[in-house]
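Trainee: I would like to take a close look at a single part of this model. Could you go through it with me carefully?

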Amino acid sequence: MVHKVKGVVARSKGAPVTLETILVPEPGPGEALVDILTSGVCHTDLHYKLGGISDDFPFLLGHEATGVVSAVGPDVTNVVPGDRVVLNWRAVCGNCRACNRGEAQYCFNTHNATQKMTLEDGTELSAALGIGAFVEKTLVAAGQCTKVDPDADAAAIGLLGCGVMAGLGAAINTGGVKRGDSVAVIGCGGVGVAAIAGAALAGATTVIAVDIDPKKLDRALELGATHAVDSSASDPVEKIRELTGGFGADVVIDAVGRPETYKQAFYARDLAGTVVLVGVPTPDMTLELPLLDVFGRGGSLKSSWYGDCLPSRDFPMLISLYKQGKLDLDAFVTERITIDQVEEAFDKMHAGAVLRSVVEL
């Protein structure tokens, strides 16, 4: 049986997205069919649309999603029809060298559904991050489904599928923020503000938000920042040092991903402090630092891919904290939209007017 559903497709580089009929097959071995409830509009989807990830058009966009499993293929045991799930793009293999050494969050062989979803004319679609969630039904690898509490608001918890998890994890998992630490976050979009919330959740006592947009800084203060630095008006390195006794922060997170912001992060950390890169650079960007400074300052320079999360471990724990009122995921949902409003949501996101627009199906 093939399911005919509506979904959002990017047919060519930079062109407006279109709402199309998508053909979704029944799940095969190791696959799951999921009825999508919500999907956040993420910068990664915009990168796909603009050809910044690959040129394998057409793309079925969307990946930051919640849904309900409607069918599973042979040999699937982790979910059953009726389960509420958050989708993830780290379906761990269980057999690679990272998994075998007990570090599945670094799995080197994550996988997606084997079968392809198509347009009505048979054109195969490239699903964004192997998910493709701006659609009524999607086909994924069963390992991309993490079973979650069905009572939690789908729009809020779905953001753990990408951006919010990336930021929270950059602080908690990659950065290892501890009680009493000082933390600075450069760039206060959705991921950066999530990193601020993660630092506050971990017990950091000084949390410094850095951005050039006063509105973003205000949001950061609402979600856990103790100080705000407008880097268009003052040197962020000097301000971070000033706010940390002249030393620099224990952990500095670059949520922008540009050479200039990375250098700011590098020099704004304390000796033996940690720099975490979670903002995604473009392929043409290069970084130049004096090697003596890299050696002499000690500490750690890390990159954070998906917040170094393990969905089966992290999603249920964070949702529990959300339900206890300790993690305000609702604050990240700026607006709830319909599936035909994705193009307008990209414009709002690009303008910095929202933390997240969330498609409700």
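At the start of H7, which side-chain oxygen reaches to within 2.9 Å of the backbone nitrogen of valine 237? Please go on from there to the surroundings of this helix.

Mentor: In this predicted model, the oxygen belongs to the side chain of aspartate 235, and it comes to within 2.9 Å of the backbone nitrogen of valine 237 at the start of H7. The helix covers residues 236-243, and its buried residues are Pro236, Val237 and Ile240. These residues lie on the same side of H7, because they cover an arc of only 100 degrees around the axis. What covers them includes the strands S11 (182-186), S12 (206-211), S13 (227-230) and S14 (249-254), together with helix H8 (259-268). Just after H7, glycine 245 adopts a positive phi of about 70 degrees.

The covering strands lead on to the sheet, which is open and made of 6 strands in the order S13-S12-S11-S14-S15-S16, with parallel pairing. S13 and strand S16 (300-303) stand at its edges with a single partner strand each, so one side of each has no neighbour in the sheet. Neighbouring strands of this sheet are turned by 20 degrees against each other on average, direction ignored. S12 and S13 pair in the parallel sense over 4 bridges, and aspartate 211 stands opposite aspartate 230 in S13. H8, which is also among the elements covering the buried residues of H7, packs on the sheet and touches S11, S14, strand S15 (269-277) and S16, while its direction makes about 150 degrees with that of S15.

Key. Residues are numbered from 1 along each chain as its sequence is written. This is a predicted model: local features need pLDDT of at least 70, side-chain atom pairs count only at pLDDT 80 or more; totals for chains, interfaces and linings use all residues. Side-chain values use heavy atoms; hydrogens and water are left out. Buried means under 20% relative accessible area, exposed over 50%, partly exposed in between (1.4 Å probe, protein chains only). Helices (H or I, at least four residues) and strands (E, at least two) are DSSP runs, numbered from the N terminus. The arc is that of the directions from the helix axis to the C-beta atoms. Contact means heavy atoms within 4.5 Å. A polar contact is a pair of N or O atoms within 3.5 Å; within protein, one must be able to donate a hydrogen and the other to accept it, and residues adjacent in sequence count only if both atoms are side-chain atoms. Two strands pair if DSSP finds at least two bridges between them. Axes are lines fitted to C-alpha atoms, for helices over the stretch in contact, and angles run from 0 to 180 degrees between N-to-C directions.
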